[in-house]
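User: I am new to reading protein structures. Could you take me through this one, feature by feature?

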Amino acid sequence: MKTFILMTKLSPEVSKQVRDRAKIGRAWLDQVKKKCPEVKFVAHYALLGPYDFLDIYEAPDEETAAKVSMISLANGAFESQSWTAIPYKRFVELTEEI
């Protein structure tokens with residue numbers, strides 16, 4: 001499995017629904033689990049900054065990661081990006097191959 005970082009910024013409309021945050025988040029997670037059952041979430045953080053949430057997850061490929069981003073966009077995210085993450089040890093190994 002590959003590691004991905006999901007950066008999410010909510011739309012202004014969804015951001016105003018603070019009291020429904022848990023319900024909205026659960027609905028999003030349920031959709032990801034249903035449509036991408038192979039995805040394994042490692043960590044989930046709420047952020048103070050340009051993005052609202054950061055998720056670290058594992059998925060078999062980039063297409064599955066794209067689905068996770070698209071599910072976020074379909075559920076009120078204004079912006080959603082999945083970034084590929086390379087474990088540092090592997091990154092160092094790659095530098096030794098140069």
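Analyst: Start with exposure. Buried means under 20% relative accessible area, exposed means over 50%, and partly exposed lies in between (1.4 Å probe, protein chains only). This is a predicted model, where local features need pLDDT of at least 70 and side-chain atom pairs count only at pLDDT 80 or more, while totals for chains, interfaces and linings use all residues. Residues are numbered from 1 along each chain as its sequence is written, and side-chain values use heavy atoms, with hydrogens and water left out.

User: Is S82 buried, exposed or partly exposed, and why?

Analyst: S82 has a relative accessible area of 25%, so S82 counts as partly exposed. Across the chain, buried residues make up 31% of the 98 residues.

User: Which secondary structure elements does the chain have?

Analyst: Helices (H or I, at least four residues) and strands (E, at least two) are DSSP runs, numbered from the N terminus. Here there are four helices and four strands. Their order from the N terminus is β-α-α-β-β-α-β-α. S82 belongs to strand β4.

User: How many bridges pair β1 with β4?

Analyst: Two strands pair if DSSP finds at least two bridges between them. β1 (residues 2-10) and β4 (residues 77-85) have eight, in the antiparallel sense. In β4, Q81 is the bridge partner of M7.

User: Which residue of β3 is the bridge partner of M7?

Analyst: That is L54. β1 and β3 (residues 53-59) are antiparallel too, over seven bridges. L6 faces D55 in this pairing.

User: How does β2 join β3?

Analyst: Through a hairpin of six residues. The two run antiparallel, with six bridges between them. F41 has Y57 as its bridge partner in β3.

User: Why is β3 described as largely enclosed?

Analyst: Five of the seven residues of β3 are buried, so the rest of the structure largely encloses this strand.

User: Which residues make up the largest nonpolar core?

Analyst: In soluble globular proteins, nonpolar side chains tend to be buried together. A nonpolar core is a set of buried Ala, Val, Leu, Ile, Met, Phe, Trp, Tyr and Cys residues joined through side-chain atoms within 4.5 Å. The largest one here has twelve residues: F4, L6, W28, L29, V32, C36, V39, Y57, A59, A65, V68 and I71. β1, α2, β3 and α3 (62-74) each give two or more residues to this core.

User: Last, the pocket. How much space lies in the largest one?

Analyst: On a 1 Å grid over the protein atoms alone, a pocket is an open set of points with protein on both sides within 12 Å along at least five of seven lines, and lining residues have an atom within 4 Å of a point. Grid points are joined across faces, edges and corners, and a volume is the space filled by probe spheres set on the points. The largest pocket holds about 350 Å³. It is lined by 19 residues, and R21, G25, W28, H44 and D55 are the closest to its centre. α2 gives the most to this lining, with seven residues.

Key
On a 1 Å grid over the protein atoms alone, a cavity is a set of points where a 1.4 Å probe fits but cannot get out, and a pocket is an open set with protein on both sides within 12 Å along at least five of seven lines; lining residues have an atom within 4 Å of a point.
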